[in-house]
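We will go from the whole chain down to a single residue, one selection at a time.

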Amino acid sequence: MSGIKVMIVDDSAVVRQVLSGLLNAAPGITVTHAVANPLLAMERMKVQWPDVIVLDVEMPKMDGITFLRKLMAEHPTPVVICSTLTEKGAQTSVEALTAGAVAIITKPRLDLKQFLHDSADELVSAVRAAAGAHVGKLANRPPPPPVTAKLNADAILPPAAADPRPMTATTERVVAIGTSTGGTQALEEVLTALPRVAPGIVVVQHMPEKFTAAFAARLDSVCQVRVKEAANNDRVLQGQVLIAPGGKHMLLRRTGAQYFVEVVDGPLVNRHRPSVDVLFRSAARAAGANALGVIMTGMGDDGAAGLLEMLKAGARTVAQDEASCVVYGMPKEAVKRGGVEKSVPLNAIYREILQQLQY
């Protein structure tokens, strides 16, 4: 059997039926098994191992987190979490991402069948991205090219005039980070390596609405720096990391020598909200040479254009290298477009961030 082999593990018969139909209808994807709990999944996997597992979190007999940790310890396999949009579900799903899941697909408690149909493109894209992820021993498969039209950062922030003047240097420094698939684990590695005194950091992590607050809270519990979900007009401060809220764009603004963030509604940019390009363009405009732009693991090209704008405005720019990326999509496109000054391993990014204190 060729193509991407998918196993669905969910205690809802409706979810199993709908997800199976949607995935089987996508070219190159086949659902080999759809089972009600991880114990049944392990029995089926003795016969045929899937390329990707779509996994619920809250299930009887064995919860999804326990199963995921067992899987990653014994036979690392790409996992897409399919979780309910509740506060408890968000916290648990973030825990799953930390344990090694590649992506999250959200599902509501009501109108579930219609929601899953409406989210078919997101689901298929997540499965394809997972199949191409570097997870343990899994062979790397490049993600497919984008197939739908997309807006760029112009939809939120018009481009600056050609050859903008570089920003006047100040003692305030800022770091803008953009990441997607694999970014939850990558961000944790970078941020936990930072001391309490670190430059102010603003982050876009592609993540669904209602999940970023739980994600920020979890990072805050394990980092020396303070981490919080950004709110409109939050100051960018040393020793603090602001995570863009899911479902909103985040822009960097400047008043005098101080930086703050603006959190706004708006259309999807590069099929994402928040968008890395929106953040990076605003950083180029507001901070110029006072900024460092970092683009990390992720599928697609969000952030590549914005990072080039940052470089042209005088900022330092860094990309995560291919060997340490879960998906080398966003950094690869940024390098291709000429917006990256240097590529470094994941475990060296924190040093690039700390260099901002020396400028």
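## The whole chain

Start with everything in view: the protein has twelve helices and 14 strands. Keep in mind that this is a predicted model. Its mean pLDDT is 87, and 87% of the residues reach 70 or more.

Colour by pLDDT next and select residues 137-149. Here pLDDT stays under 50, and the model has 21 contacts beyond four places in sequence for this stretch. Where pLDDT is low, the predicted coordinates should not be read in detail.

The accessible surface comes to about 14,900 Å², with 52% of it belonging to carbon and sulfur atoms. Of the 359 residues, 56% count as buried. Among contacts with a separation of 6 or more, 74% are between residues 24 or more positions apart.

## First stop: the five-stranded sheet

Hide the surface and pick out strands β1 to β5. They form an open sheet with parallel pairing, in the order β2-β1-β3-β4-β5. Which strands stand at its edges? They are β2 (29-35) and β5 (103-107); each has a single partner strand, so one side of each is left without a neighbour in the sheet. Neighbouring strands here are turned by 20 degrees against each other on average, direction ignored.

Zoom in on β1 (residues 4-9) and β3 (residues 52-55), a parallel pair with four bridges. Show M7, and you will find I53 of β3 standing opposite.

Helix α2 (residues 38-45) lies across β1, β2 and β3 and runs at about 150 degrees to β1. Helix α6 (residues 120-131) packs on the sheet too, touching β1, β2, β3, β4 (79-84) and β5, with its direction at about 160 degrees to that of β5.

## The nonpolar cores

Stay here and show side chains. In soluble globular proteins, nonpolar side chains tend to be buried together. The largest nonpolar core of this model has 82 residues, and V6 and L23 have the most contacts inside it. The largest share of this core, seven residues, comes from helix α6.

Select V6 and look around it. Leaving aside neighbours within four places in sequence, V6 is in contact with L23, I29, T30, V31, T32, H33, P50, V52, V54 and V127. A second, separate core has 31 residues, including V204, V261, A283 and L307.

## Second stop: the seven-stranded sheet

Select β6 to β9 together with β12, β13 and β14. These seven strands form an open sheet with parallel pairing, in the order β8-β9-β7-β6-β12-β13-β14. At the edges stand β8 (226-229) and β14 (342-344), each with a single partner strand, so one side of each has no neighbour in the sheet. Neighbouring strands of this sheet are turned by 20 degrees against each other on average, direction ignored.

Helix α9 (residues 276-286) lies across β6 (174-179), β7 and β12, running at about 160 degrees to β6.

Centre on β12 (residues 291-295), which is joined to β13 (residues 316-320) by four bridges, the two running parallel. On its other pairing, β12 meets β6 in the parallel sense over five bridges.

To see both pairings at one residue, pick V294: its bridge partner in β13 is V318, and V294 is also the bridge partner of I177. One place along, I295 stands opposite A319 in β13.

Is β12 enclosed or open? Five of its five residues are buried, so the strand is largely enclosed by the rest of the structure.

End on G293, which lies in strand β12. G293 is buried, with a relative accessible area of 0%. What is in contact with G293, beyond neighbours within four places in sequence? The contacts are A176, L307, M310, R316, T317 and V318.

Note on methods: Residues numbered from 1 in each chain as written. Predicted model: local features only at pLDDT ≥ 70, side-chain atom pairs only at ≥ 80, totals over all residues. Heavy atoms only, no water. Core = buried A, V, L, I, M, F, W, Y, C linked by side-chain atoms within 4.5 Å. Buried < 20%, exposed > 50% of the residue type's maximum accessible area, 1.4 Å probe, protein only. Contact = heavy atoms within 4.5 Å. Areas by Shrake-Rupley, 256 points an atom, 1.4 Å probe, with all protein chains shown as cover. Pairing = 2+ DSSP bridges. Axes fitted to C-alpha atoms, helices over the stretch in contact; angles between N-to-C directions. pLDDT = per-residue confidence, 0-100.
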